[in-house]
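Morning, everyone. Please have a look at the model on the screen, and then I'll walk you through a few places in it.

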Amino acid sequence: MGEELLKIEGLVKSYDGHTVLDGIDLTVHSGEVLVIIGPSGCGKSTLLRCINGLEPIHGGKITLSGEEIRNGSKNLPTLRQKIGMVFQSYELFPHLTVLDNITLAPLKVQKRTKAEAEEEALKLLERVGLKDKAKQYPRQLSGGQKQRVAIVRALCMHPEVMLFDEVTAALDPEMVREVLDVMLDLAKQGRTMIIVTHEMQFAEAVADRVIFIDKGNIIEEGKPKEFFNSPKTERAAQFLNIFEFESVKD
């Protein structure tokens, strides 16, 4: 395991008096793949948005490489460049080509040259099997292709950690696989990733560690094989049982 990269201490987040995250403590190390699972509304996506500085927090502290991620702070834009985030809804600009979508932030934010940004973008597109789509527009792509473009766009900013928020939830099964394969490849490369997903088989295959959250608290954490085969808490066992069915046919 690499050095400590991201540290969350006593994180509290509330909406309209309702506590969504209730004192989360979590450390992520360089090169680690952390998978977060739990029921809908338990705070998984909110946790990612807090890490990325998209949501102000109401208690506790988040640090990346020793620097505090604090909403409104002067260094927040710089820190957010180190955190790549891929959303369920792609968030691609419909009026820009695939290549322009990917290179926009490197050109405008990081002030890189067009030649450098486009060269890297094309190499990354080739790695995910989409180099031939560089001049096309999002409307010409399938959902799985759009999501792979969104991953490349995040990678092109050279983030220290990648956040994935239910990136396959809106995709058909075949498209789910093509996106998960890209994420598995990133894990093999040693990328630091925090993944929120309901894909349990994928979670077991990709994770170094699994975190189970319910009602804004970390209920259980552990190695994937241990967690999925022998959960230590009754609540985790109940949750995992949802994904199992007994045959109704003889």
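The second largest pocket is lined by Arg-177, Leu-180, Asp-181, Leu-184, Glu-199, Met-200, Gln-201, Phe-202 and Ala-205. A quick word on terms. On a 1 Å grid over the protein atoms alone, a pocket is an open set of points where a 1.4 Å probe fits, with protein on both sides within 12 Å along at least five of seven lines; lining residues have an atom within 4 Å of a point. Two elements give two or more residues to this lining: helix 6 and helix 7 (200-206). Helices here are DSSP runs of H or I with at least four residues, strands are E runs of at least two, and both are numbered from the N terminus. The lining holds five nonpolar residues, one polar and three charged. Ala, Val, Leu, Ile, Met, Phe, Trp, Tyr, Cys and Pro count as nonpolar, Asp, Glu, Lys and Arg as charged, and the others, Gly among them, as polar. The space comes to about 180 Å³. Volume means the space filled by probe spheres set on the points, with grid points joined across faces, edges and corners.

Before I go on: this is a predicted model, where local features need pLDDT of at least 70 and side-chain atom pairs count only at pLDDT 80 or more, while totals for chains, interfaces and linings use all residues. Residues are numbered from 1 along each chain as its sequence is written, and side-chain values use heavy atoms, with hydrogens and water left out.

Now the largest pocket. Its volume is about 520 Å³. It has 19 lining residues, and Arg-80, Met-85, Ala-105, Arg-153 and Met-157 are the closest to its centre. Helix 2 (76-80), strand 6 (83-86), helix 3 (98-108) and helix 5 each give two or more residues. By type, the lining has 12 nonpolar, four polar and three charged.

How do helix 5 and helix 6 pack? Helix 5 covers residues 143-155, helix 6 covers 173-188, and they pack at about 20° with axes 8 Å apart. Axes are lines fitted to C-alpha atoms over the stretch in contact, and angles run from 0 to 180 degrees between N-to-C directions. The two helices are therefore roughly parallel, a label for angles under 35 degrees. Among the residues that meet are Arg-148 and Ile-151 in helix 5, and Val-179 and Val-182 in helix 6. Contact means heavy atoms within 4.5 Å. Seven residues of this contact are nonpolar, four polar and two charged.

Last stop: Ser-14, in strand 1 (residues 4-15). Its C-alpha atom is 35 Å from that of Asp-181.

Terms used. Parallel < 35°, antiparallel > 145°, perpendicular 65-115°, else oblique.
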